[in-house]
Amino acid sequence: LKNEECDSETYDGEARDSAKISISKAKLQKYADFSKFIASLTDGAKMYELAVNESRCKLEERNVEITAWIYTYVRESDEDYHVIVGSTNNPATAEYFNVEVSGLPKNKKAKSYKTLLKARNQFKKIMGITECKKNKDYKDNKLEKPVKVRIKGSLFFDRPHFKSVNKPGPAWAKPKTVWEIHPLTNILKVK
């Protein structure tokens with residue numbers, strides 16, 4: 001069977017799934033400056049060799065908090081919401097980054113289940129999502145006015161996209177790195 005978005009709330013991807021639905025145990029690092037956060041990320045070439053295991057590698061053992069603006073999102077076949085955030089509310093000057101609201105672990109007793117469920121519900125409330133709709137691409141959910149949010153989550157290096165021509169995100173808001181916050185563990189709207 002082919003995975004399709006909206007077939008459940010349960011994560012049903014295959015690549016490094018144990019890392020994508022687990023939360024790092026590292027102390028939270030708060031970044032007031034988005035550029036300093038991006039600069040803190042380890043070089044991709046070094047990460048490409050490390051991020052081959054199913055679980056988190058040592059350099060992914062980081063929990064971070066950033067403030068950013070949501071520009072668009074899409075729900076994909078693995079049941080994750082891929083969310084493109086920017087460093088400012090101005091698309092002409094924003095630096096973009098990918099944040100993932102993970103699908104839920106199959107095991108409702110998993111350590112991360114309650115936290116991921118709460119974060120998923122927070123995101124859906126902020127975006128006004130009341131039912132799952134299949135999306136063709138990011139333009140289906142492009143926001144007219146970006147929404148400012150405070151985000152917490154664990155870092156993840158999306159290794160398959162590092163050497164790929166097809167990097168995550170829409171052409172008009174393409175992140176420069178394949179690092180992402182995955183999973184998102186908390187999201188709050190900021191005034």
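Ala, Val, Leu, Ile, Met, Phe, Trp, Tyr, Cys and Pro are classed here as nonpolar, Asp, Glu, Lys and Arg as charged, and the others, Gly among them, as polar. The model is predicted: local features need pLDDT of at least 70 and side-chain atom pairs pLDDT 80 or more, while totals for chains, interfaces and linings use all residues. Residues are numbered from 1 along each chain as its sequence is written, and side-chain values use heavy atoms, without hydrogens and water.

A pocket is an open set of points on a 1 Å grid over the protein atoms alone, where a 1.4 Å probe fits, with protein on both sides within 12 Å along at least five of seven lines; lining residues have an atom within 4 Å of a point. Its volume is the space filled by probe spheres set on the points, which are joined across faces, edges and corners.

| Pocket | Volume | Lining by class |
|---|---|---|
| Largest | about 530 Å³ | seven nonpolar, eight polar, 13 charged |

Of the 28 residues lining the largest pocket, Lys20, Glu76, Asp78, His82 and His161 lie nearest its centre. The helix α5 (159-162) and the strand β6 (179-189) each supply at least two lining residues; helices (H or I, at least four residues) and strands (E, at least two) are DSSP runs, numbered from the N terminus. The largest share, three residues, comes from α5. Residues lining the second largest pocket include Ser18, Lys25, Pro105 and Lys111.

Asp80 is placed in the loop between β2 (63-75) and β3 (81-86). The side chains of Asp80 and His182 are joined by a polar contact of 3.2 Å.

Key:
A polar contact is a pair of N or O atoms within 3.5 Å; within protein, one must be able to donate a hydrogen and the other to accept it, and residues adjacent in sequence count only if both atoms are side-chain atoms.
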